[in-house]
Amino acid sequence: MNSIKSVVFSGSVTPNTTRYWFYYAKNLDSFYWDSFNFSQVTDMRSMFDSCNNATFAEIRTGNNVTNMEYAFENCQNITAQPVCGPNVKNLIYTYSNCLRL
C-alpha cells in the first residue's frame with residue numbers, strides 16, 4: 001500500500017463499504033471523488049486511516065453512511081473535514097491526529 005500515490009476511477013464506482021480500502025497508504029496524496037458514488041456506502045471505517053500524505057481539499061460522504069470510525073485517523077495533512085450525513089452514529093477517532101483540521 002505504500003506505493004499508492006493517487007486514486008482515479010475510470011468509471012462510476014458504487015460500493016456498499018469502503019472499510020479499510022486505503023488503510024495505511026502512507027504515500028496517498030490525492031483521491032479523485034468525481035467518479036465515486038457514496039450513495040450505497042454504509043461503512044467507511046478506516047477508509048483512509050494513516051494516509052499521512054493525504055491533502056484532500058474536498059471530502060464527500062453519503063447519506064447512508066453509519067460508521068466512520070477511524071475513517072481519517074492519522075491523516076495529518078488533510079484540511080477539509082467531511083460533512084457527515086444524517087445517519088452517522090459512530091465517529092470514534094474519526095479525526096484523531098488530524099493536525100491541520
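Me: Why is Tyr 24 called partly exposed?

Reply: Tyr 24 has a relative accessible area of 38%. Buried means under 20%, exposed means over 50%, and partly exposed is what falls in between (1.4 Å probe, protein chains only). So 38% makes Tyr 24 partly exposed. Before we go on: this is a predicted model, where local features need pLDDT of at least 70, side-chain atom pairs count only at pLDDT 80 or more, and totals for chains, interfaces and linings use all residues. Residues are numbered from 1 along each chain as its sequence is written, and side-chain values use heavy atoms, with hydrogens and water left out.

Me: Where does Tyr 24 lie?

Reply: Tyr 24 is in the loop between β1 (6-7) and β2. Strands here are DSSP runs of E with at least two residues, helices are runs of H or I with at least four, and both are numbered from the N terminus. Tyr 24 also has a positive phi of about 65°, although it is not a glycine.

Me: What makes Tyr 24 part of a nonpolar surface patch?

Reply: Tyr 20, Tyr 23 and Tyr 24 make a patch of about 290 Å². Patch residues need over 30% relative accessible area and no salt bridge; like charges are joined within 9 Å, and nonpolar side chains (Val, Leu, Ile, Met, Phe, Trp, Tyr) within 5 Å. Tyr 24, at 38%, clears the area cut-off. Areas come from the Shrake-Rupley method with a 1.4 Å probe, and for residues only the protein chains shown count as cover.

Me: Is Ser 50 buried or exposed, and how do you know?

Reply: Ser 50 comes out at 6% relative accessibility, so it counts as buried. Ser 50 sits in the segment after β2 (30-31). Leaving aside residues up to four places away in sequence, its contacts (heavy atoms within 4.5 Å) include Tyr 24, Asn 74 and Cys 75.

Me: What about Asn 74, buried or exposed?

Reply: Asn 74 has a relative accessible area of 19%, so it is buried. Asn 74 lies in the segment after β2, and its phi, near 65°, is a positive value in a residue other than glycine.

Me: How many disulfides are there, and how do you know?

Reply: A disulfide is a covalent bond between the sulfur atoms of two cysteines. The test used here is a pair of cysteine sulfur atoms within 2.5 Å, and the count comes to 0. For Cys 75, the nearest cysteine sulfur, that of Cys 51, is 5.1 Å away. The sulfur of Cys 98 is 5.4 Å from its closest partner, in Cys 75, so that pair is too far apart for a bond. Cys 75 is buried at 0%, and Cys 98 is buried at 9%.

Me: How many salt bridges does the whole structure have?

Reply: The search finds 3. Among them, Asp 43 pairs with Arg 19 at 2.6 Å, and Glu 69 meets Arg 45 at 2.6 Å. Asp 43 is buried at 14%, whereas Arg 19 is partly exposed at 38%. Glu 69, at 12%, counts as buried, and Arg 45, at 19%, is buried too.

Note on methods
A salt bridge is a side-chain nitrogen of Lys or Arg within 4 Å of a carboxyl oxygen of Asp or Glu.
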